Structures are given as structure tokens and as C-alpha cells.
Amino acid sequence: MPSWVVDHDIWEKAKKKAAEEGHAEDWDYITALYKKMGGEIRGDKSLSGIDWTNHPLIKE
């Protein structure tokens, strides 16, 4: 389970649903289901793992 997953039960439901639909290893698909099911993402990192909060190209 990715470290950014907040709702572990929803993540497991999303994984199960994805597997039923033939997408057991499609992490983008599982993540989309997770978010559609109301799952939250922890922290200020994007799904790619890049921390954009102090990135030099981002201006406030």
C-alpha cells in the first residue's frame, strides 16, 4: 500500500474492485477508483512522489 493512502479500507476495496475488472496490477486504475470512492491522499506530495511545497520552480 502506498504511503500516501489515508483510508486503508477504501484502498483495499479499490484493489478488489480493480481485480474484478481485470486491472489487478494497474496502479493508476486502482488510484482512480480509490479517489472516486472518497479516499484521501496524505501529505503535500503528488502521486509521483515529488514534494511541490518547496520546489524552486513554483512561485507563491
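There are two salt bridges in this structure, which is a predicted model. I'll take them in turn.

One joins the side chains of Glu12 and Lys15, with an N to O distance of 3.9 Å. Both residues sit in helix 1, and because they are three residues apart there, about one helical turn separates them. How exposed are they? Lys15 is partly exposed, at 31% relative accessibility. Glu12 is also in the partly exposed class, at 38%.

The other pairs Lys17 with Glu21, and here the closest N and O atoms are 3.2 Å apart. Lys17 has a relative accessibility of 35%, so it counts as partly exposed. Glu21 comes out at 34%, again partly exposed.

Now the core. Which residues make up the largest nonpolar core? There are nine: Trp4, Val5, Ile10, Trp11, Ala14, Ala18, Ile30, Leu33 and Tyr34. Two elements supply two or more residues each, namely helix 1, residues 8-20, and helix 2, residues 27-36. Helix 1 is the biggest contributor, with four residues. As background, nonpolar side chains in soluble globular proteins tend to be buried together.

Setting aside neighbours within four places in sequence, what does Val5 contact? Its partners are Trp11, Tyr34, Glu40 and Arg42. Of these, Trp11 and Tyr34 are on the core list as well.

To recap: two salt bridges, and a largest nonpolar core of nine residues to which helix 1 gives the most. That's what I have.

Conventions
Residues are numbered from 1 along each chain as its sequence is written. This is a predicted model: local features need pLDDT of at least 70, side-chain atom pairs count only at pLDDT 80 or more; totals for chains, interfaces and linings use all residues. Side-chain values use heavy atoms; hydrogens and water are left out. A nonpolar core is a set of buried Ala, Val, Leu, Ile, Met, Phe, Trp, Tyr and Cys residues joined through side-chain atoms within 4.5 Å. Buried means under 20% relative accessible area, exposed over 50%, partly exposed in between (1.4 Å probe, protein chains only). Contact means heavy atoms within 4.5 Å. A salt bridge is a side-chain nitrogen of Lys or Arg within 4 Å of a carboxyl oxygen of Asp or Glu.
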